[in-house]
Amino acid sequence: MVLAGSNNVIEPVVEKLHELNLLHLVNYSGADEDFGMGKPLSKSAEYSEQIIRLRSIERYLEITDKMPDRQFSESEVLSQMDNVLGGLGDEVISMAERVAQIDNDIKVKQDQAASLAPLSALPVPLELLYGYDSLAVFMGTVTSPVEADVSKASYVSEVFASGSNAVAVFAPVDKAGEVSGVLSEHGFSETSVPKNLTGSISSAISTLESEVKSLEGERAPLQKKLKDLKAQNEDTILAIDEHLSIQSQKSEVPLRFASTGNSFVIDGWLPVDQYETLKSEVESAAGGRIQIEKLGEDEAEERVKEGEDIPTKIVNPSIVRPYELVTRLFAVPEYKEFDPTLLIFIFFPIMFGLILGDVAYGVISLVVMFMLKRKFRTPGWQSLINIVIIASVWSIIFGFVFGEIFGPLGLWDYIFSGSHHAGLLGTVADPHGVGTDFGTGFYGSLGRIGPEIGDFAGGMFPMYRLATASVLVLIGVSLFIGILHTGIGSILGIKTELAYGEKKHAYFEKLPVLLFQVFFGLGLLGLIVGGSGSTHPLVLLSALVVVISMIMMVMGPEGAMGMTHVPFFVSNLISYLRLLAIGLASIGVAFAANQLAFYVLMPMVSGAEDVHGNLTTIAIVIGVVVLLLVHFINLLLGILSPFMHPLRLHYVEMFTKFYSQHGGGIEYTPFGYGRRFLKE
Amino acid sequence: MVLTDAGIMYGLLAVGAGLATGLAGIGAGVGEQGIGAAVVGVVAEEPGFLGKGLFLMLLPETLIIFGLAVSLILMFAWAPFATLL
């Protein structure tokens, strides 16, 4: 929409627009000769000065942005502003500058004392070391005795030396060069003599040290005072900062308008349904002396085709909102594109849970995240923490499915039943079978769900992830998630291309990818489940569709080059195997920890037959310490990789199918200010 | 010479599976080495890049997944090999 009005009403209009917080302003580019840039409102310079002064006070008090403890009304802020910027500000700045001065003095004196320390044994008072016209003085340390050589170089000379290789050499000025040469042969390193000190060197050092002490004594109360002032005024100062930021934002905004001598023109975007509200509010604020016009639907379409950046407003329900962080990290969707945040909300936590899949790890990360949530209260951190919290819940759910608490057969099985690793694993001789303990976990015979089909001994619950049959099932599950995930990506890709009116791209570039990935994946699944040489009709059908999709790619806009992407699509699918692989790596470590503690360390230290024998206290302590240590390391790794890898699956495998083909959009950021320290 | 001993065949299968994962791991490591160095450099100048950097670090890890997939198929999933046992 476009707003045009007389300069007389610019202030109320700006005030109203800011209050409504609806209009996404488009900066005037200065392209039109008839219009110049607008000028800032009258008080702009004053606000800027106040902000600069306030920011310097903030810097001295070391105030950084934080969540507000209380909110202020406008009048409160105005009444306190003069005091803070005036008296309080002067006090803070003078104190902080004094502290900086003291810091500097202390450092100088400490340096002097440190450089004099090696010379402290020399029997020469400091005031005799400088101020000569005809004598050159060399003070410092040498690596070997110099007396004999110096007297050779200059007959008239005096050398004071002490045990610690410190020397003070006096020589006539005209012999200075030779003496200096001799000294450097002996590894001389010079110490500069402070000119303002008198007395013997050791007493000078103790004077310096006592001065440092008294300066420190002066500094401590000042620092405490600054800290107190910070504690008292932190919220007030941040509230004033917010007030001034708003004022200066308002007073400088005309710089973004186009203007003539007597009028101004504002160009901007807003959600269609808000147009009437904004129009009536602004018109009444300006007393009718303003012209507001809306862009027609057709014209908006036209502008999209021309490639103009139309801001995108991202709207999601509050539980999904944290995942906008993930979306933004990649790119803001364009005006006509699909916002994938909801999809991330669905898939990301499931993938995280599938990888981590451990009740105890999930609970620990949940507890830690709730603790961090109270500590890090900026919006970015809050989103991140909320993401991990939702993911942890899924991890607990999958932990029950896999029967894992601190790893497979960890505390879970040790406490509740006597199933053994070997009993649950398929054997070498019978890779598709399962051991004798199958289905004897915590859920007992309930764990056997479903009938026996061929080689597979029915279902199992909890599903022991290290067993051969489970690995096969999880390969299938991972691939299946991959087919679903990339499939949805491709469908959105087709939809986006159609929205931009690119029919050829939609049907011959995006559609074949969808067909290829879905049917290639299904065929692969069929081969794995059915064994090689499977001639099941569905496998043959999949192969047929894969061939058809490749032909479609050749017919597409890129021609034969379209085929070159095929390896990329295959690797996309196989990439989803990481859902299984990373989980296996993590339970491998957890399994090793449990074996080490329960079946190696504890029986070995106590000399018992196995873990169910008599264990000594020290054996249990050692076992538990090792157990916790290994699990802690595993948990640290175990939270990072289930987070990063699903992220990658979204960015690389899914988003590339549909997202921001045209370079990313601009987010809708209306002119206004989110108030935190000020009351609305 | 024809190998008929099932034990030796299974051993060779296991060695093959190990090589598939291990060599793929080395390859992924070599790839990540360069990316990691570059990411550390960028993050030193621009800390906001950490998220994108970590994500770039993960790109070559697909390689090792391929290796692992081959190993899994060798060890568990391919019927001709399973019949050898």
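Two strands pair if DSSP finds at least two bridges between them. Keep that in mind for strand β6 of chain A, discussed below. The model is predicted.

**The whole chain**

Chain A holds 20 helices and ten strands. Of its 680 residues, 46% are buried. Its accessible surface comes to about 33,300 Å², and carbon and sulfur atoms own 61% of that. Now take the contacts in chain A with a separation of 6 or more. Residues 24 or more positions apart account for 79% of them.

**A kinked helix**

Helix α3 of chain A covers residues 74-116, which is 43 residues. From first C-alpha to last, α3(A) reaches 59 Å. That is close to the 63 Å expected at 1.5 Å a residue. The helix has a kink of about 45°, centred on Gly89(A).

**An enclosed strand**

Strand β6 of chain A spans residues 166-172. Seven of its seven residues are buried, so β6(A) is largely enclosed by the rest of the structure. Ala166(A), Ala168(A), Phe170(A) and Pro172(A) point one way from the strand. Val167(A), Val169(A) and Ala171(A) point the other way. Both sets are buried.

Which strands pair with β6(A)? The table lists β4(A) and β5(A), each antiparallel to β6(A).

| Strand | Residues | Bridges to β6(A) | Sense |
|---|---|---|---|
| β4(A) | residues 135-141 | seven bridges | antiparallel |
| β5(A) | residues 158-161 | four bridges | antiparallel |

Individual residues show the pairing. Gly140(A) stands opposite Val167(A) of β6(A). Phe160(A) has Ala168(A) of β6(A) as its bridge partner.

Methods: Residues are numbered from 1 along each chain as its sequence is written. Chains are lettered from A and ligands numbered from 1 in the order in which they are written. This is a predicted model: local features need pLDDT of at least 70, side-chain atom pairs count only at pLDDT 80 or more; totals for chains, interfaces and linings use all residues. Side-chain values use heavy atoms; hydrogens and water are left out. Helices (H or I, at least four residues) and strands (E, at least two) are DSSP runs, numbered from the N terminus. Buried means under 20% relative accessible area, exposed over 50%, partly exposed in between (1.4 Å probe, protein chains only). Contact means heavy atoms within 4.5 Å. Accessible areas come from the Shrake-Rupley method with a 1.4 Å probe; for residues, only the protein chains shown count as cover. The expected span of a helix is 1.5 Å times one less than its number of residues. The bend at a residue is the angle between axes fitted to the seven residues ending there and the seven starting there.
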